[in-house]
Each structure stands twice: as structure tokens, then as C-alpha cells.
Protein chains: 2
Amino acid sequence: MAGLRKQVFLGTFVSSKNRQELQYLHGAAVCVDGDGRIAKVDEGCGSAELVQDRLLSKLGWERSEVDVHVAKPGQFFFPGFIDSHVHAPQYPNVGIFGKSTLMDWLETYTFPLESSLSDLAKARRVYTACVRRTLAHGTTTAAYFATIDVAATNLLADLCLSLGQRAFVGRVCMDNQDMCPDYYRDESAEVGLEKTLQTIQHVREIDPGFELVSPILTPRFGPSCTSKSLRGLAKIQRETDLPVQTHVSENEGEIALVAQLFPESSSYAGMFDDHGLLTPQTILAHAVHLSEAEAQLIAARGSKVSHCPCSNSSLTSGAARVRWMWDQDITVGLGTDMGGGYSPSILEAARQAALVSRHVAMGIDGADPERERSKLTVEEVLYLGTRGGAAVVGLESRVGGFEEGMEWDTQLIALGSVDDEGVATDGDGEGSDGGNVDVFGWESWEERIVKWVFNGDDRNTKKVWVKGRLVHSRG
Amino acid sequence: MAGLRKQVFLGTFVSSKNRQELQYLHGAAVCVDGDGRIAKVDEGCGSAELVQDRLLSKLGWERSEVDVHVAKPGQFFFPGFIDSHVHAPQYPNVGIFGKSTLMDWLETYTFPLESSLSDLAKARRVYTACVRRTLAHGTTTAAYFATIDVAATNLLADLCLSLGQRAFVGRVCMDNQDMCPDYYRDESAEVGLEKTLQTIQHVREIDPGFELVSPILTPRFGPSCTSKSLRGLAKIQRETDLPVQTHVSENEGEIALVAQLFPESSSYAGMFDDHGLLTPQTILAHAVHLSEAEAQLIAARGSKVSHCPCSNSSLTSGAARVRWMWDQDITVGLGTDMGGGYSPSILEAARQAALVSRHVAMGIDGADPERERSKLTVEEVLYLGTRGGAAVVGLESRVGGFEEGMEWDTQLIALGSVDDEGVATDGDGEGSDGGNVDVFGWESWEERIVKWVFNGDDRNTKKVWVKGRLVHSRG
């Protein structure tokens, strides 16, 4: 990628200090170098006048080679969101699930659409819309399931690179001929593995260091893969050290099917472990119905979980227990899981994670302190959508916060405000639609963040940068 | 109100035929007279050229006195939403609930804010923002709880009338001095009843026939009222035939409190019945934890329920069983319940009603057919937000559909579309932000509606009319 101009961002920076707390830096400066890396964070440099003396001279940067961006009062910089589980080809089907549950939903809605994307013009249209839409919602990193098709999968990788979204792009492996429809499956384990290698090779060509786009090994889920292809993927994983993504324990019928297909394995997660796929770089989507032993196995292997509340509620899959997974030392992030999930937004996923945690609580007796504990706070769901997700996709040292050495994957947020007459105005004073968050002026910063989480949408995400590059901007 | 010009609307009209089905009228015309009433529906008159011969000549309307509005292809007219339970003074607190449940939420967040609205400048600001915001989301009718303050309650009624929202405006009665804070309660039952009469008198003066704005008797909830004030309100109800709104069985702690405060009553709903307040014009918000006997009592009295899924999940109140209430012959509508609910949108309430019904299903054994039955379809949640809500507020013969004789309370909906390059464009071609619903072009009308329900927002609501008057329009 071409080098960027150096940049200094001034204003309020909000990010997760840890799971329980947000950190608010007001009147601060973040300096971003030409590689999109944070070179310096200065908590006391809030105005453009101070930039030269406090920052540039120390960094040895010339003023002429630096762009200075000043957030307006009330606006804040927030780390870009990480969508740790999303099916790009299903984007046109968001919301379309009827009364189905996982297995019939796949057959009725999902496989026909995915299959149709071997038409590359259609794939380009769908993938462009998906990447642009998720960028507009502040998703700076996405872990994508593509389809079984090599050319369309490669196209998705190309589009992520050109549109500037950090992405993991996986060709979907599904070779179990008893479980996958004839019109949409790998011809054999061998053919599937060969196709997977082709997509890895393609990404190596377009982004040799996997700086922005990385391949990811993607056995669809237990029922779709033979032991042969699972073992083959594990071998590729050991040889390449690439990440892996799949689904686990989403739905009770699915779990029963896995037990039937892999009778020698002790559990669904155990089945992946038996095939060598439960690695520290493995992302397991859903994990709704894990047993205690399964959770311990996942934690022992260091595999990660992508929690997809919108999808789990929509498909009646169940209510995943995030607090309980944290208690088992499992790393958790958020996924939109489009099209099982209806929304392209990780902010919506965060909101639904808070609500679903309350449904988890409702299932626990009022006298049991776990009822109260199981509820997730706004701080916790924002952590899930940023640092949690970064750890799930193995990027926790590079994205998710504003520390020096991290990369500038950031969104600029502006909330709307209500004037003295009760008329809503765009918080940035530019006259565009300020969205549904109405700030009256007396709210604390903490309350503004809460209002954003519950009523915010893409209208509040004014600008999005990935690795220093501006990749989305609202007029 | 001043007479309006006559209007003819041409295009696609979507509305609930019944709970199970939507009706789609394509290429149809709806004629609205100067009182905002639907004078004629013509299913075969889809173009402006036909208007003169097919409609105006039969109605005896001159072309010069008629405005013709033609919806663009893909747009559709949909009945305005009915918010059957919303607290206008809590609007600034939407989303702010922390980990609280009902009783501590009231004390920490709600009573202080409500009390502060005796400052009429603040009340005007908050109420204007609330009415404008809900109108922008297509809410053409709202059943509002105001505060205990007469002047601020009257101001809310004034604002609904001037901004053009159909509304029920209730001064909140709360006189139990053991349960309500000293700084925010009626001095006595007598004073509270007298203040209630003052607000009724005010609405009579500004809208003598209660054509657009009606008073509504509003005992806050069981714990807040003495028997004396409940009986007094029942007496006013019998004398005036006004509607009643309150809360029932929202939270388990609240239910226990009611049992303790009213030991002679058999249940929470029974307590209202014992005081003469369970009438066919009574709106009961929440009804999460009803017993079978309570549900039968409510059905026998013909009282109605406002289901508030956003609020019930946020405050960990529980998951109300809409299918079960329908099975008991209870009429149900939707409420945003701002600020217990975080969203001003009945479309969001409909979406959450669908999701919460799936959480109800998750609590039912998979072998029990009730699990499947308890899930609400998109058709059903849209019914709840329109005809269901209309029946809850007693307006089912006047709003909620497009039948002749009904009033024109309608929203014009436009969805976004994705061009051949995958770029999202505003569906109305006017360049404004088309929102998050991306139509690719191959979707059936049913699928477009589903996409709207799951990803739509106020950006899709281009125009809103109440009683024929245009009350909201997006640039």
C-alpha cells in the first residue's frame, strides 16, 4: 500500500480500558504515522496551536507533511468495531428467516443464495454492498465467510483490500455429500482443500504480508465436513499458522447431528479438537449450548468465541451465556452473523448482547446472585465489540484501542442534540441527519455513550479510518 | 381544525388484513376528504390520468380542489403506527437504565427527571423533541403518560395538537405517600383527582370533540395509588367515559408489593377490577407475569394490553407471552415505553416483539407445539403496531387501515436500493440517505416488508399524515 500523509487527531478519545471500564481522554492528541500506526498519544495536547511544540518537534515531523483533524465539541473518536463472524454472501438476505431455525434456514434461504454468487457480477454487487455497508457502521475488521467458489472468494478479498476494510476472508469448506445439497458442495475433500489453497495463494499475491487481508480456514460447521477435509484443513493450519473459523453449538438439532455424525467424539467442540482444529487462532461462532467440559476444553486450547446475539434470537437458537464463558476464561467478541443476524451493525450486536444477557438473567432464580451478574453493562458490550473482538481475531496488539504502536482503526462519532425549542439538530452543525440520539446537554459523558449504544446508528459514524486511511465519510 | 384540501393518493398500499396476513393493493387510489377521512378506495386506479374519470367525477370533486400524490415505484403507503404506552417526560432518559430493575430505576432515573418538568421551558423542550421524534418514526397515535404537573401535562396536550399527533394525554396520579417520594407525588387523593379534572377540562377547551387529543385517566401503577384515588378515578371514568391507562404485572417485585398493599385483592389485575378500573377502555401496559385467572379477568372485562418488549428486556422485567394473551382473547398492541424502553420507534418495538417471542419459545420444550406457536411472524408484529394498537386505544374503527370511512393516518415508506455496482442509493432517487434497507431488486414484496421490519428506521419514513394533515416530511 502507498504511504499516507502523517496525521494528528485532536479531541476526545473513548476506548475500553478493560472489560469493566471505558477510558475517556479529553483534550488529547493522537499522532498517526505514514504506515497508519499510532506514533504518539499526548493526553494534554487538546488544541491545534499546541501541536507544533508539543508533538511535531519531538516526533521530528514537519508541519507541512502532517494533516491535523480536530473533532468538534461533543464528538469523540472510538476504536473501529470488529465483526468476528459474518457471511458476506448472505448480505441480501438480512432479516429474511421467517419462522425457520438453523437447518431449514440453511436449506431454504442460505444455500441457494450462496450458490448463486458463482456469478461474479452478482458477487461483486453483493460483496461491494456488504463491505461498504459494514464500513459505514464503523466495522474496521470483519471475519468473513465467503462461499465455496474460489473466484468469488478471491473477489471478496480484492474488494476488502480496495475498499480498505481489514478482513479475514474464508472460502467455505463443505464436502459432506449426505449433508450438503448437490448443487452447493465441494466435489470431494481433496478438491475442497485444493480450492482452499488457491484462495490462500490469491491473498498472498494481493497482500503478501497479510497486512490488511488474511485468508482464514473455514470449515463451515460440523455437519458439513467430512473427517478427511477437517484433518486436511488442520494440516494446512499447522503448515501455514493461518486462523480458522467455524460454528459450534448454535442449535440443538445441529448438536445432535454432530453427535450422530462423529460418534467417537465426546462433544461438538471435542470433535473439532479431535481433528486438530481447536487452536488458539480458532474462532468459534455462537457457542450457545456449550457443556462445562466443552467450555473448559475451548479455554484450554485458547480458542475464541464470537457471540452473535441478533442471529441467536432470530433463529431461536438460544441465549449464549457471555458472563459464564468469561468465567471459564474464554475470550469473546461479537459477530453480526449476517444473514442469520439481521443487522450489519456491531453497535446493534452490542445492544442485543446487553438485552440477551438480560434474557439469560430472566432464566436464573432471583435469589441466585448469578442472575444479577449475568447482565452485561454498556462498558462490557462495547469491550466485546472492540478489544474483545480484536482478541478473537488475533489482532489485540494492533487494533481495539489508542495505545502507541497500535494501528489507527477508528471511527469518529457525533451525536445529535436538541435545541432550546426541542428541535433535533445534527451534533456536527453541518445540517445532515443527526440520527436518533438526542443529547439535551445535561448528560454526563457516560450517559452520552449509553445513549449512543441504545439509539445510535450509522448516522452517528461520521468518519471511519482503517490503518490510517479514511475509508468512509458521511456528507 | 381548519378544513384541508382534498387529496388523492396513488400507488401501493400495504396494511394488515388480519393478524396473519398483510394486504397488498398495487396500483390503487385512496381519496381523502377535507376532514382527513377516506372517502373512496379504488383498487384499479393506479395512475394520475385515471383520477378524473374513475374517481373525481363519481365523488363530485373538482380537479382544482384536489391534490394528487403519487408514490414512486417501490414505495408504499402503510398505516401510521400506534404507540399504546409511552412516557413523554422520560424521553431524555432513553437508554439510561444501567443494571436497574423497575423499582430502583424509578427512584434513580425516572422520578427526578419527571419532577424537573414542572419547569415549563424544560417541559416544552422535552415534549417537543419527543412528539417530533415519534412522528418522524411514523407514530401517528400515542398514549402518553405525562407527569403529575397540571401545567406541563396541558402543555403536552397543546403540543400534540399543534404538531398534529393524535394523542391520549394523561396526568399521572400517584398519591401513596409511603411509595412515592415527597418531592414527586400528589399531596392527597383529593388534590390528585382535582388536578386530573383540570387537565380534562383543558383538553376539552383545546379540542372539544377530542378529535385529535383526548384526556386519559392515568393511575401510575398499583403501588403508587391509594384506594381512595383509584376509586375516585373510577368514578370520573364512569361519569366521563374516558379511557384509562396504567401498568400491570411488569416486574415480580412490583407484583409482590401490590399483593402486600392490597391484601384483599386476588391479583394485580384483580386489584384494578376491585376499584372499578378494569374497563373496556383500560390500557394495561406490560402484563408480563399474568396468571391464567388474571388473563381471564382482563379478557372478561375487555381491557387491553400494551406489550413493551424493548422495556421488558432492558429492565429484566420478563418476556410477555403475546400468543398466550391472544389465546385468552386479550387485545394486544405495542408500546415503546420510553424511557424504560430505549427506542422511540414502534418499528423497533415490532422487531423486538418478534425477537422476544423467540425467547419465549426458547423457554418451552422442543417437543411442545407451543414452542413453535409462540413465535410471532412479521405480519403479526406489524398487526400489533397498527390495528392491534388501534384496538388497544379504542380507535380501531378510525385508524390502522385503509378502509373507506377511516381517517388518513398514514406513512409513506421508501426503501433503499443497491445499484449494479453494489452502491447503495436512496430508493426515492432524491439523493438523501436511504437508510439500511438494501433492496437488490429480486425480492418479493413480502421480502421487502421483512427487510423493512428488521433493518428499517425513520429514514424510510418519508412522509407522515395524521387525519389527512402532513405532519412530517424528510428532505
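**Aromatic pairs and a buried strand**

Colleague: How many aromatic pairs does the count come to over all chains?

Modeller: Rings of Phe, Tyr and Trp (its six-membered ring) pair if their centres lie within 6.5 Å. By this rule the count over all chains comes to 46 aromatic pairs.

Colleague: Is the pair of B:Phe13 and B:Trp408 stacked or edge-to-face?

Modeller: Planes under 30 degrees apart count as stacked, over 60 as edge-to-face and the rest as tilted. The ring centres of B:Phe13 and B:Trp408 are 6.4 Å apart and the planes stand at 65 degrees, so the pair is edge-to-face.

Colleague: On what kind of model does this rest?

Modeller: Local features need pLDDT of at least 70 and side-chain atom pairs pLDDT 80 or more, while totals for chains, interfaces and linings use all residues, as this is a predicted model. Side-chain values use heavy atoms, without hydrogens and water, residues are numbered from 1 along each chain, and chains are lettered from A.

Colleague: Is B:Phe13 buried or exposed?

Modeller: Buried means under 20% relative accessible area, exposed over 50%, and partly exposed in between (1.4 Å probe, protein chains only). B:Phe13 has 1% relative accessibility, so B:Phe13 counts as buried.

Colleague: Which residue in β7(A) is the bridge partner of A:Val86?

Modeller: Strands (E, at least two residues) are DSSP runs, numbered from the N terminus, and two strands pair if DSSP finds at least two bridges between them. Strand β6 (residues 81-87) of chain A has seven of its seven residues buried. β6(A) pairs with strand β7 (residues 139-145) of chain A in the parallel sense over five bridges. In β7(A), the bridge partner of A:Val86 is A:Tyr144.

Methods
Helix = DSSP H or I, 4+ residues; strand = E, 2+ residues; numbered from the N terminus.
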